[in-house]
Amino acid sequence: MNHEQGDGLTTDIDTTSLESATETALAEEAIRVAKAAETVPRADQPLIFDVGKLTVYYGTFRAVKDVDMDIRQNQITALIGPSGCGKSTVLRCFNRMNDLIETARVEGKVEYHGVDLYGERVDPVEVRRRIGMVFQKPNPFPKSIYENIVYGPKIAGWKGNYDDLVEETLTKAALWDEVKDKLKESGMALSGGQQQRLCIARAIATSPDVVLMDEPCSSLDPIATLKIEELMLELKKDYTIVIVTHNMQQAARISDQTAFFSVRVDEQGQRTGYLVEYSQTDEIFTSPGQKLTEDYITGRFG
Amino acid sequence: MSAHAEALSATELVRQSIEGRRLSPVDTLVAFTLLFTLLSSVVILITLLADTIAAAMPVFQSRGLSFVTDSLSPSAEEAGIWQGIMGSLALIGFVIVVAFPLGVAAAVYLEEYASDNRVTRFIGANIRNLAGVPSIVYGILGLFLFVEIFMGGVFGAEGGIGGRNVIAGGLTLAVLVLPIMIITTAEALRAVPRGLRDASLAVGATRWETIRHHILPVAFPAILTGSVLTIARAFGESAALLLAGAQLSLYFSVANDASFVDLVSNQPYTALPIIIYNFARQPQAGFVSLTAAAIVVLLVMLLTVNAAAVLARDRFERRYR
């Protein structure tokens, strides 16, 4: 993947010109081509997260059980599955956001670059600086666009030119041209898609290593969704991305690996999520190893 | 042609079923009853206000604002409410200094730090109950704890005013409104969207940074409004102060050259609501209109404070849109 191709895409896909279905299809095709050009064999990439026998409880409720997966550098890993299968729970283990839920308890192994993320001496605040997150609903701070970007670096004590940082970060998030003249205006005044790109910019402003995305496009229209997808493909050159999505086409379009989760109901009626299959995205969508996966991706259940 | 006729008749069918508003007698009755209850409360309020203002008019006509700036006196022609205004303002000063930071801090702890367990829920339920305790009970607490033990202990229980100073009164009112302050602040904090906390923590902010940089600024307008209404309650409070040491006398003097420390620790004080009570129980005819006039002054001060709170809230809220 070369840079010109990516930059060409950014300028081609413009909200105003993207009005017809043909153009949307063209953009989708462009994303597919960009992705194909970029795919690097998974095993060649360094290991970022090593997850083994991960089980998460909320109080006495076991949300997800025995998850084994590895997440590798500069890859987009998609977590898919029906509601309540624990995919968001797993995602929130990667930056210790589950700590905020008082009753949550995490068992098993979550290693980040070989370090136990749940080790006693690990500072969750430092973890979240290295592992950024984008949420389902765009949630910019009720402050100016500029302040939204500089907040993370500022509290981390970053010394440098903040004006440059803002321009650089917003450019990376494909938002600079749209907001460069209104950096002092509130982030809340932007459209939903722009707000979500601002949130992505905010997440990458602290120069993280990984960006976690929890259904980042579920509240956006198809055009804004495409913009974000295109952006993710661009961002994976610098970051490792883990995304939870309800949209299977989205997983198929952008991800390198796909993890399919499902729910099992035991005799007591307890619902527990588990990982059904984890593989290269192409494999999951063309020749799934499990009947359940095939049923899900072909729309027979879920 | 026949198809067209059928289409028309289908339209007719729908029209017949959705048109023709039927009047429901119950609905009308309920609406009228509700309107009547609303009107009766408004009428009672307006009558009270009009009556008070009418009764107060002679005082303002004959004495103007000198009624406000004159000192207390047993003579209806000379009595003013100056000590009461100063006393009330001093008391409110203490309430703001003590109850506001304590209340906000306690609410931040309850909402943001305390884990949701049985102890926390017990404390929360007790705070809500405390908000409903009659103020006279706080007056007894104030008399015993703040007047006799604290102030009597520090400034001498014998001679002088025996600990019945503005500090003791202010502390009593502060404790009285503290539960309400905590409840309103906790509600304001709870109204801050979950997403904002997540956003802040996800960029690597600590819990305190999240509270200070994001949650408190967003909750501030609501905290401010709640606090002002709470402080307004302290402003109009009389029962607790009757016990906690406000002067009921119609003439007491404060040393002219008293320093600030001396004023709040060693000089007698009274408050506007106490003066109203005091005026009202005087037998001389002149005090009837004086009472009404003092009430008007109290109401004007309260309305001013509330209006200021609304204006301040609007300004802060606009900043974030």
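This is a predicted model: local features need pLDDT of at least 70, side-chain atom pairs count only at pLDDT 80 or more; totals for chains, interfaces and linings use all residues.
Figure 1. Residues are numbered from 1 along each chain as its sequence is written, and chains are lettered from A and ligands numbered from 1 in the order in which they are written. Chain B has 13 helices and 0 strands (DSSP runs numbered from the N terminus: helices are H or I of at least four residues, strands E of at least two). Its radius of gyration is 28 Å, well over the 20 Å from the globule rule for 321 residues, so chain B is more spread out than a compact globule. That radius is taken over C-alpha atoms, and the rule is 2.2 Å times the number of residues to the power 0.38. The C-alpha trace of chain B spans about 105 × 60 × 35 Å along its principal axes.

**Figure 2. The side of chain B that touches chain A.** The contact takes 21 residues from chain A and 17 residues from chain B (C-beta atoms, placed from the backbone, within 7 Å). On the chain B side, α8 (194–202) and α9 (207–235) each supply at least two residues. The largest share, 6 residues, comes from α8(B). By type, this side of chain B has 8 nonpolar, 5 polar and 4 charged residues.

**Figure 3. Helix α6 of chain A.** In α6 (residues 162–172), A:Val166, A:Thr169, A:Leu170 and A:Lys172 are buried. Seen down the axis of α6(A), these residues fall within an arc of 155°, so they line one face of the helix. They pack against α5 (145–155), α7 (176–179) and α8 (192–205) of chain A. The face of α6(A) turned away from the buried side carries the exposed residues A:Asp163 and A:Asp164.

**Figure 4. Strand β8 of chain A and its partners.** In β8 (residues 240–244) of chain A, 5 of 5 residues are buried. A:Thr240, A:Val242 and A:Val244 point one way from β8(A), and A:Ile241 and A:Ile243 the other way. Strand β3 (residues 76–80) of chain A pairs with β8(A) in the parallel sense over 4 bridges (pairing requires at least two DSSP bridges), with A:Ile76 opposite A:Ile241. Strand β7 (residues 210–214) of chain A also pairs with β8(A) in the parallel sense, over 5 bridges, and A:Asp214 stands opposite A:Val244.

How values were computed: Two residues are in contact if their C-beta atoms, placed from the backbone, lie within 7 Å. Ala, Val, Leu, Ile, Met, Phe, Trp, Tyr, Cys and Pro count as nonpolar, Asp, Glu, Lys and Arg as charged, and the others, Gly among them, as polar. A residue is buried if 20 or more other C-beta atoms lie within 10 Å of its own, exposed if 12 or fewer, and partly exposed in between; C-beta atoms are placed from the backbone. The arc is that of the directions from the helix axis to the C-beta atoms.
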